[in-house]
Amino acid sequence: MSKLLSAQAMVDQIPDGASVTIGGSSLSRKPMALVRALARSGRKNLTLIVNVGGPEVDLLIGLGVVSKVIYAFVGFEVLGLAPHFRAARQTQQVEFEEWTEYTVMAGLDAAIKRVPFLPTRAGLGTDVLHVNRSFRTIEDPFSSQTLVAVPAIHPDFALLHVNYADDRGNGVILGDGHIDVLCAKAARTTFMSCERVLNGEELQKFGRDVQVLRIHTQGVTEIAWGAHPTGCAPEYRADLKHLEEYIAATGDAARWNAYKDNMVWAEHNQYLDRVGGREHLVSRLHV
Amino acid sequence: MTLYMAGFSHLIPFAAAHEIIRQKKSHLTLCRATPDLIYDQMIAAGVADRLVFSYAGNPGVGLLPAFRRAVEQGDISLEEYTHFEMVARLEAGAAGLPFWPLKSPITDLVLRRPAATVTCPYTGAAVPTVPALNPDVTWVHVQAADSDGNLYVSGLVGEMKEAALAAKTVVATTESFYPADVLRTRRGELLLPGFRVSAVAHVPMGAHPSYASGLYERDTRFYQQWTAIAKDAERCQAWLEEWIYGTANHEQYLSKWGQDYLNHLVVGGML
């Protein structure tokens, strides 16, 4: 059964108020084309669940469509803080729940294992338990140690971008898998974009690099450069020049409106032309 | 000492078990999801006085006769779990945690071993748990290892990784042994990094009569023959005398089977 869908058809299925977990990490392999399609959809009151968030979280906050973020980190890595995320934290316009990288993984893993929580020592003796009042502790029934109980996270949707996929929804990740597999397994519905759709036999040759399995995916779409402006190893690196332009555009209403008109309200091919065209991207960003 | 010899039907470290039998080790606590023939032989040889396990059987054939005899005679004590509970115990052990919560419903197995439920602090639900399992030693058999102790497995991994990460000490036998760095490109097959592995021995066909994916098939004929051998206590001891105590090492054990016999098992037909 083919699960090939357009990005538009994917975001059409995401309702207002949905919780969406997003794969990738920092400036690596974020499903930015799907995120831009979601931004264009006009959906509101989204809850975002990320491990190491970056441009995807910042863009959606900047568009005013996010009501809550569960995260371990949000930033622009070498380029500094995430401007809209920072502003939203300062003005408290968005609800924020600060977790840690491991507890986000454990929360998704708890959902996958169908238990209401998973135990961990992560967070004990730190301020995480004060910053995040939603975490509770539990006593080990065998040795009476106190541990953190990480509540299960049940995302409605997962958005991923991978190197290759087949039309049945198997996905190959060649670089760091980050938490994509946890996102795919924990979410009720998983949509995946890929640099290239391959036939199933070609895909199988990648062995254990076939990390996302078809039983966990409901939609696949081919979007070359679909992670831009983040990178997609080993093919292309993050576009730091574009991200600098993005950060610069966030300081001022007129420039931010121009950025949105140019880069968000554009189909993916238009977007690629506006960031310089495919040939230009190859020469600048190919590894 | 608590010993976990890993490998779920695949890559069962039989050569290591045979050497443990030859060296007449005793009073071991043996842990395994599916004790299989490997523990039936070890129990027959009297190396164990306790078994922590899930599903004791000869897969596809029937019961484990030596295991059954030892239980009936009271020679061995048991702690029984489901497969999933065993994996959850190892997962807790690997994570350095004292327990692991389960979705799995409480079966009557809990009446026979330590168990406890916790109250979920979010939902109020009673959640079954199992205690961590931290073997003193976990033994794995792998297709390839390098001189740094990096271990590589292709095909079915089963609970090998969890069992190894839960153990205080990890030792390995390997089908092939390489200098450091040669195997780096096989990253997808990495079972364990060398810093977690204490020792590696090069033992080709070290999983016989189980199988090593891509190298040799399971010796199903021997798995079937084992029932008759092990059912009769005297015949079982005679088998151990002839095939284990009577051979100095795994090489001699293999040559007793003979090249022609083993060639039928080898993928591609030649050893």
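Is the crossing of H2(B) and H6(B) left-handed or right-handed? Keep that question in mind while selecting the pieces below; the model on screen is a predicted one.

**Stop 1: two helices of chain B**

Select residues 36–44 of chain B, which form helix H2, and residues 220–231 of chain B, which form helix H6. The two helices pack with their axes 11 Å apart and at an angle of about 25°. Angles under 35 degrees count as roughly parallel, so H2(B) is roughly parallel to H6(B). The crossing of the pair is left-handed, which settles the opening question.

Now show the side chains at the contact. From H2(B), select Asp36(B), Leu37(B), Asp40(B) and Gln41(B). From H6(B), select Phe222(B), Tyr223(B), Trp226(B) and Ala230(B). Coloured by type, the residues of this contact come out as five nonpolar, one polar and two charged.

**Stop 2: a sheet in chain B**

Next, find the open sheet of three strands in chain B, which runs in the order S5-S7-S6 with antiparallel pairing. Select S5 (99–101) and S6 (116–119) of chain B: these strands stand at the edges, and each has a single partner strand, so one side of each lacks a neighbour in the sheet. On average, neighbouring strands here are turned by 40° against each other, direction ignored.

**Stop 3: the domains of chain A**

Move to chain A. Colour 7–98 + 154–227 as domain 1 and 124–150 as domain 2. The centres of these two domains of chain A, taken over C-alpha atoms, are 29 Å apart.

Terms used
Residues numbered from 1 in each chain as written. Chains lettered and ligands numbered in written order. Predicted model: local features only at pLDDT ≥ 70, side-chain atom pairs only at ≥ 80, totals over all residues. Heavy atoms only, no water. Domains from an automatic or database assignment. Axes fitted to C-alpha atoms, helices over the stretch in contact; angles between N-to-C directions. Helix = DSSP H or I, 4+ residues; strand = E, 2+ residues; numbered from the N terminus. Parallel < 35°, antiparallel > 145°, perpendicular 65-115°, else oblique. Left-handed = near helix turned anticlockwise from the far one by under 90°. Contact = heavy atoms within 4.5 Å. Nonpolar A, V, L, I, M, F, W, Y, C, P; charged D, E, K, R; others polar. Pairing = 2+ DSSP bridges.
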